[in-house]
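Please keep the structure in view while reading.

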Amino acid sequence: MEPRWAQTGRDGPDDDEGGQQRPPPSLFLQLPSNATLRFRGSVARAWGAALEEGEPPGAPQERDGEEAGEQESVPLKQLPLCMAEKRRLRLREQQAAWKRSRWEQWQVGTRRMWGQVGGTLLYAQVWRGSLHHIEGHFGTGIQSYFNFLRFLVLLNLGGALLTVGFVVAPNAAFEGLQLNQTQKGPNSTVISSCLQYDPTKRGLVSYFTYFMDLLSGTGFMELTHLFYGYYQNSAVHFVGFSYNIPLAYLLSVLGYFSVCLFWIVRRAVHLLKRSLVSENGALNTYSNKVFAGWDFCLGPGTAVHMKHNSLRYELRMDLEEQTLRRLMAQRSPGQRLGLYGLRGAVNLLVLALLGVAFYCVYLATEYSQRDQQNSGLGQQGLVVGLLVAYLPSIVITAANQLVPLVFGLLVRLERYPLSLEIRLTLLRTVFLRLSSLLVLLFSLWSQITCNGDPDADSCRTCRYDHKQHPCWETSVGREMYKLLVFDLLVVLLVLLLVEFPRKLLVTHGPALLARLWGQQEFLVPPNVLDLVYGQTVCWVGAAFSPLLPLLNTAKFVLLFYLKKLTLFSNCRPADRTFRASSSSFFFLLVLLLGLAIAWVPLLYSVFVLQPSQACGPFRGEPTMWSTLSAAIDTLPHVAREFLQFVGSLAFAVPLFLLLCILMFYLMALAHSYSRLVKELKGQLRLEGRDKVFLVTQITELS
């Protein structure tokens, strides 16, 4: 039986040119979404009016100038259109080109030029071919690790260019050219014992002593451009130009940290937008994973099988989480109380493990510093000397490798959903890795400042322990240098002594051993946390070792090729995969946390601690910041008054109020956007009901 609108509309005046009938407006008035037109603004009302006038809902509309300009900047070959449509657009562009003014032609040419420049820079990206090769074999999840590693390489390279260009290279050039340097002498109130600092070895020095100095950063290494103590508190005058080395040192370090902060925040905001879209609850459904979850960048072979396992794992994880939530809702109050008690006991055990690890790091740092000061590396054997010098690094690395394994066993007792188990283990591991660095810095701070007591016997003379740390900035930089070297050595040893032998045993060994041990998985989160830990070490030591960013760049470049080698030779993708968008944002968030931790010792050293009197570019100054204050006093009157006003409360308080107003405005804007998103979701649900209604009408027709 035909519907009423089909019968009444036959041979009526509403027939189109092809003889086909269209439904009258009464059908569109019956749609469920039509009842909400008056709540949906002018766009929806215009859409409803267009339907009543008989225009098809998908009819093309005229675009405004901005949208048309955006499409003109995109090449036709990149548009998802058929050849006939592309020819029509080409003809339209040629006809419209004669009607444009010179200003519009210049705008179109500029957009095309920037598009070509962007395409050229895209082909000039570092490791572009390697990343596509990794993506094709292992998917976007593992590629996110190598993208993150490339980002850190570029970040360190920019910092290395900054410090080398403004500190290391000028200082080396001034020494080589033997230019006139005006060096600031020590204050008359400084005691002579505070000026004693000579790390060079006297007498006959063996080869293994030089090797020890190279690995531990002591001896002749302290008097190189690598460490803080080598640079002088002098200004170079030539051809009417004065170059202040202490001021350049301070500004380059602050600039390096500021550039890192800006770059990471900018990238994090970009990835946050992508993660909010991809991880939206409206999109994260079973149908999306089944019909739109395939990675078309994969090539045939093992990668396809791994992707099947990954999708199957995601679906299984979602089903397990729903089952677990259903069981949690069915638990009695007594069962919930027992579960909460078990989780509290597990958290207490986790805190106890963290406390033991931190105390071991503290004891190892104190013993290493005291033993090196009392006996010296040259009076010990090679193995014993290396163990003593690298004892804090060994303890930190052992804690970072062993304690997370215990975390993974304890988190299963807490009966959380599988995704929450992974996130909780990662958060505990991040806290362990970054807090171990804080414990190391606290141990060094307690030795340098005599536990913050300047009236102690060791610190009364120079306001810091000049006997154990005559150049305390170099001591801190030396510890970070040893952590960086030891981290690279651990990667090499694990690759040579663990991963390659395991691959050989699994491939050519007994079948039972292959089934029990299995091929090694490439776990993205632990590898990324290793990168974050290494980058945090570099940031902490950058203020006391100007060449540390350059060394870290070389380390990450070597690490890229080593990880690529072990990925294709020894590893397989992990069964528990992560989305590239959400995991990349989480990794940048952890990286921001590491940068915040690195800001703490930097700001404390710049504003509070007194610099060493025997070494460095800030010797003789009460604080490092005093150098910048003295440089501002030498500026012209207008510039000096302006900078002093910027640093005063008269500028800071209004700026703070303005930022608060801006923050409240952005919060209100975000709230309005969230309401708009909810309304759009409601409209999407109504559109779904419209489709059901139309399908019902089509069914009646048949």
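In which helix is Leu659 found? In this predicted model, Leu659 is found in helix α23.

## Surface patch

Leu659 belongs to a nonpolar patch on the surface, whose members also include Leu635, Phe642, Val646, Leu662 and Tyr665, and which together have about 1,100 Å² of accessible area. Helices α22 (637-646) and α23 (649-701) each supply at least two residues of this patch, and α23 gives the most, with seven residues.

Leu659 has a relative accessible area of 49%, so it counts as partly exposed, given that the exposed class begins over 50%; a patch residue needs over 30%.

In soluble globular proteins, nonpolar side chains tend to be buried together. Here the largest nonpolar core has 110 residues, and those with the most contacts inside it are Tyr145, Phe146, Phe148, Phe257, Trp539 and Leu591. Helix α7 (residues 128-177) contributes the largest share of this core, 14 residues.

Leaving aside residues up to four places away in sequence, Phe146 touches Leu131, Ile134, Phe522, Phe560, Lys563, Lys564 and Leu567. Another core, of five residues, lies apart from the largest one, and among its members are Phe174, Tyr243, Ile245 and Ala248.

## Confidence

The protein chain has a mean pLDDT of 77, with 76% of its residues reaching 70 or more. Confidence is lowest in helix α1 (residues 4-8), at a mean of 42, and highest in helix α19 (residues 548-569), at 91.

Over residues 1-25 the pLDDT is below 50, and this stretch has 24 contacts in the model beyond near neighbours in sequence. Residues 38-72 also have a pLDDT below 50, with 26 contacts beyond near neighbours in sequence.

Definitions and conventions:
Residues numbered from 1 in each chain as written. Predicted model: local features only at pLDDT ≥ 70, side-chain atom pairs only at ≥ 80, totals over all residues. Heavy atoms only, no water. Patch = residues over 30% accessible without salt bridge, like charges linked within 9 Å, V, L, I, M, F, W, Y side chains within 5 Å. Areas by Shrake-Rupley, 256 points an atom, 1.4 Å probe, with all protein chains shown as cover. Salt bridge = Lys/Arg side-chain N within 4 Å of Asp/Glu carboxyl O. Helix = DSSP H or I, 4+ residues; strand = E, 2+ residues; numbered from the N terminus. Buried < 20%, exposed > 50% of the residue type's maximum accessible area, 1.4 Å probe, protein only. pLDDT = per-residue confidence, 0-100. Contact = heavy atoms within 4.5 Å. Core = buried A, V, L, I, M, F, W, Y, C linked by side-chain atoms within 4.5 Å.
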